[in-house]
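Please keep the sequence and the coordinates at hand while reading.

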Amino acid sequence: MASDSFSSLSLPAAQIENLNSLGYSKMTPIQAQSLPHILNGKDLIAKAKTGSGKTAAFGVGLLNTIKPRFFGVQALILCPTRELADQVGKEIRKLARFVPNIKCVMLCGGKPLGPQIGSLEHGAHIVIGTPGRVQDHLRKGTLKLGDLKTLVLDEADRMLDMGFAEVMQDIISQTPKSRQTLLFSATYPDTIKQMSQSIQRNPITVTVESEHKPNVIEQLFYEVKKHQRNTSLLALFEHYKPQSTVVFCHTKKQCDEVANFLRCHRIEALAIHGDLEQRERDQVLVRFANNSCSVLVATDVAARGLDIKSLQAVINYELPRDPEIYVHRIGRTGRAGETGMALSLFTEAEAVRINAIEKYQKKPCICDVPESLDRDPGFSLEPNMITIQLDAGRKNKLRPGDILGALTGDAGLNGSQIGKIDIFDMSSYVAVERTALRQAMNYLAQGKIKGRAIRARKIT
Ligand code: AMP
């Protein structure tokens with residue numbers, strides 16, 4: 001069996017020391033399985049999720065080949081979203097501490113081009129970015145990939161789901177054939193297999209077992225008539241009363257419709273899908289994370305990779321065709337030793353999907369009908385927190401303490417009435433108890449934070 005100590009690898013002593021100082025005393029399973037191959041220069045397909053230590057797996061690998069004295073882009077990491085790219089960038093910078101002067105440049109959409117071009121002109125060793133923006137720079141000639149040694153596709157399945165296949169092909173076609181290609185993906189559908197065949201050479205495949213232990217997630221399946229999906233969904237809420245839930249749907253339209261339906265039935269739900277602008281998406285996630293909304297209705301694409309807190313329930317409004325996606329979805333509940341519920345609706349025509357899940361999980365699925373559930377018709381899920389948005393953020397040097405200080409000081413709120421505070425570049429969000437909303441808004445309409453009046457509105 002491979003050793004799980006970093007010192008078993010041929011890494012510079014300074015990197016081993018750096019890893020120790022980061023508290024990485026031994027390799028995680030994905031690192032132990034993949035690093036020997038990566039350091040050997042092999043192409044790799046790794047089936048691993050966020051949380052497995054995958055960033056350090058490819059990060060330690062690619063850093064080993066960087067020549068600091070040569071100022072050309074030697075490694076490119078493509079990520080599906082800005083959030084993931086930011087996380088990856090932070091981790092890579094930590095891992096790069098053992099060599100002075102390694103330059104990482106972030107190229108993500110939604111940010112101005114000018115400063116990115118400036119950073120590239122100063123010379124970059126490692127580029128981390130989202131496909132669209134990386135392609136923009138290649139078109140402009142501000143980014144050149146002719147000296148690339150390592151290409152990483154992080155959450156490759158998600159990039160494909162988001163429709164980046166052609167953009168990725170275009171980017172890859174501008175890199176040397178001799179490059180090492182490391183493909184990380186949470187799932188392994190045919191589209192990934194095909195992509196691997198076209199861009200990788202004899203890749204080694206490594207898989208780490210999914211983190212959730214069996215039985216922590218209670219899985220139940222409900223057979224419904226096609227036109228009864230909505231009422232059956234409501235029955236699930238009125239019976240199980242989960243306090244934090246993601247409902248998975250197939251299409252964006254379905255997400256909007258289901259979220260509307262739930263809201264009409266006193267269940268505060270928000271849809272999240274690829275049509276939302278970054279700002280709207282941030283708002284939805286903030287409201288879910290700060291407990292002013294307890295149900296997210298999401299497509300797979302929108303939900304994957306999001307750092308969603310532990311959920312009491314995952315509900316499949318429709319079952320996915322691929323059992324692997326089902327397992328991936330339900331893995332969002334029952335984390336960290338808590339028990340979770342995975343509830344799924346299916347029609348007679350979709351029963352084959354149940355069979356596929358049974359085969360995949362090697363155990364029978366427990367099926368029932370929603371009519372058997374006791375319902376509490378008075379049930380409502382209107383959270384007791386509500387979010388206020390402030391038109392000032394990091395760029396205005398606003399900090400959580402400033403907001404907390406203003407609301408508990410001059411506005412007279414009790415600290416316990418204030419929830420999570422999130423600061424973005426240009427705006428901030430603070431959750432307050434509904435009962436304290438008027439008091440907070442009255443103050444914000446007239447009072448000041450850090451000496452200036454800041455526009456505030458509640459988000460509903
Ligand atoms: P990732 O899956 O790359 O998002 O990593 C999940 C978390 O694990 C990150 O916060 C890393 O800093 C941390 N991590 C990565 N490798 C190790 C390790 N060998 N030992 C302890 N923590 C690690």
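A polar contact is a pair of N or O atoms within 3.5 Å; inside the protein, one atom must be able to donate a hydrogen and the other to accept it, and residues adjacent in sequence count only if both atoms are side-chain atoms. This is a predicted model, in which local features need pLDDT of at least 70 and side-chain atom pairs count only at pLDDT 80 or more, while totals for chains, interfaces and linings use all residues. Residues are numbered from 1 along each chain as its sequence is written, and side-chain values use heavy atoms, with hydrogens and water left out.

For Gln 31, an N or O atom of the side chain is 2.8 Å from a nitrogen atom of the ligand. On its own the ligand has 500 Å² of accessible area, and the protein covers 72% of this; accessible areas come from the Shrake-Rupley method with a 1.4 Å probe, and for residues only the protein chains shown count as cover.

The shell around the ligand holds 14 residues, the closest being Tyr 24, Gln 31, Gly 51, Gly 53 and Thr 55. By type, the shell divides into three nonpolar, seven polar and four charged residues. In this division Ala, Val, Leu, Ile, Met, Phe, Trp, Tyr, Cys and Pro are nonpolar, Asp, Glu, Lys and Arg are charged, and the others, Gly among them, are polar. Which element gives the most to the shell? Helix α3, residues 54-63, does, with three residues. Helices (H or I, at least four residues) and strands (E, at least two) are DSSP runs, numbered from the N terminus.

Rings of Phe, Tyr and Trp (its six-membered ring) pair if their centres lie within 6.5 Å; planes under 30 degrees apart count as stacked, over 60 as edge-to-face and the rest as tilted. The ring centres of Phe 58 and Phe 184 are 5.2 Å apart and the planes stand at 65 degrees, so this pair is edge-to-face. Phe 58 belongs to helix α3 and Phe 184 to strand β6 (residues 180-185), so that the pair links distant parts of the chain, 126 residues apart. Buried means under 20% relative accessible area, exposed over 50%, and partly exposed in between (1.4 Å probe, protein chains only).

Another ring is involved in a contact with a charge. Arg 229 lies over the face of Tyr 317, at 5.9 Å from the ring centre. A charge sits over a ring if NZ of Lys or CZ of Arg is within 6 Å of the ring centre and within 35 degrees of the ring normal.

Polar contacts within the protein come next. His 273, in the loop between β10 (269-272) and α12, is buried at 4% relative accessibility. Its side chain makes a polar contact of 3.3 Å with that of Asp 256. Asp 422 sits in strand β16, residues 418-423, and counts as buried at 14%. The side chains of Asp 422 and Lys 420 are joined by a polar contact of 2.9 Å.

Two loops carry a residue with a backbone feature to note. Asn 291, in the loop between α12 (278-289) and β11 (295-298), has a positive phi of about 70 degrees although it is not a glycine. With 43% relative accessibility, Asn 291 is partly exposed. Lys 362, in the loop between α15 (351-361) and β14 (367-368), has a phi near 55 degrees, again positive in a residue other than glycine. Lys 362 is exposed, at 75%.

Finally, some C-alpha distances can be set against sequence separation. Leu 413, buried at 4%, is 26 residues from Gln 439 in sequence and 7.5 Å from it in space. Val 327 in helix α14 (residues 323-330) is 34 residues from Gln 361, with 8.5 Å between their C-alpha atoms.

Notes. Near = heavy atom within 4 Å.
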